Amino acid sequence: MAFVVHEEWQGAGIASHLLEYLTNIAREKSFAGVCAQIVSSNKAMLHVFQKVLGAADDIKSWCGETCMTYYFAEHLHDARDDHHGNRAVVTSDSLSHFGG
């Protein structure tokens, strides 16, 4: 997923609303959490994720990008115990379901 908000509408809460909406869908579909890859210099988008989802469970930065991972509380134990099992993750590029 990508958030692009026209300059005139930035700061109106549109990206926050979209993130909340997509996060709710992910929870309804029993996804384990969300992971966002954000250009590190994009402080506004980093702030949106922190404002909507709180502190990330895991943050990694490399080559000018920051990856922020958030596990939903109802899946926190399972997601951390088994990263390669039947888990679902929302990435910044797409909605994907892994495992089966």
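This note sets out, in numbered points, what the structure above shows.

1. The structure is a predicted model. The mean pLDDT of the protein is 78, and 72% of its residues reach 70 or more. Over residues 81–100, however, pLDDT stays under 50, although the model has 42 contacts beyond four places in sequence for these residues.

2. Helix α2 covers residues 43–53, and its buried residues include Met45, Leu46, Val48 and Phe49. Viewed down the axis of α2, the buried residues lie within an arc of 155 degrees, so they line one face of the helix. An α-helix has 3.6 residues a turn, so residues three or four places apart point the same way. On the other side of α2, the residues Lys43, Ala44 and Lys51 are exposed.

3. What do the buried residues of α2 pack against? Their partners are helix α1 (14–28) and the strands β1 (33–39) and β3. Just after α2 comes Gly54, which takes a positive phi of about 80 degrees.

4. The largest nonpolar core of the model has 17 residues. Those with the most contacts inside this core are Phe3, Ala15, Ile38, Met45, Phe49, Met68 and Tyr70. The elements α1, β1, α2 and β3 each give two or more residues to the core. Of these, α2 gives the most, with four residues.

5. Thr66 is found in strand β3, which spans residues 65–71. Is Thr66 buried or exposed? Its relative accessibility is 8%, and residues under 20% are classed as buried, so Thr66 counts as buried.

6. The side chain of Thr66 has polar contacts with two serines. One, of 2.7 Å, joins Thr66 to the side chain of Ser40; another, of 3.1 Å, joins Thr66 to the side chain of Ser61. With neighbours within four places in sequence left aside, Thr66 is in contact with Ala36, Gln37, Ile38, Ser40, Leu46, Ile59, Lys60 and Ser61.

Notes. Residues are numbered from 1 along each chain as its sequence is written. Side-chain values use heavy atoms; hydrogens and water are left out. Buried means under 20% relative accessible area, exposed over 50%, partly exposed in between (1.4 Å probe, protein chains only). A polar contact is a pair of N or O atoms within 3.5 Å; within protein, one must be able to donate a hydrogen and the other to accept it, and residues adjacent in sequence count only if both atoms are side-chain atoms. Contact means heavy atoms within 4.5 Å. The arc is that of the directions from the helix axis to the C-beta atoms. A nonpolar core is a set of buried Ala, Val, Leu, Ile, Met, Phe, Trp, Tyr and Cys residues joined through side-chain atoms within 4.5 Å. pLDDT is the predictor's confidence in each residue, from 0 to 100.
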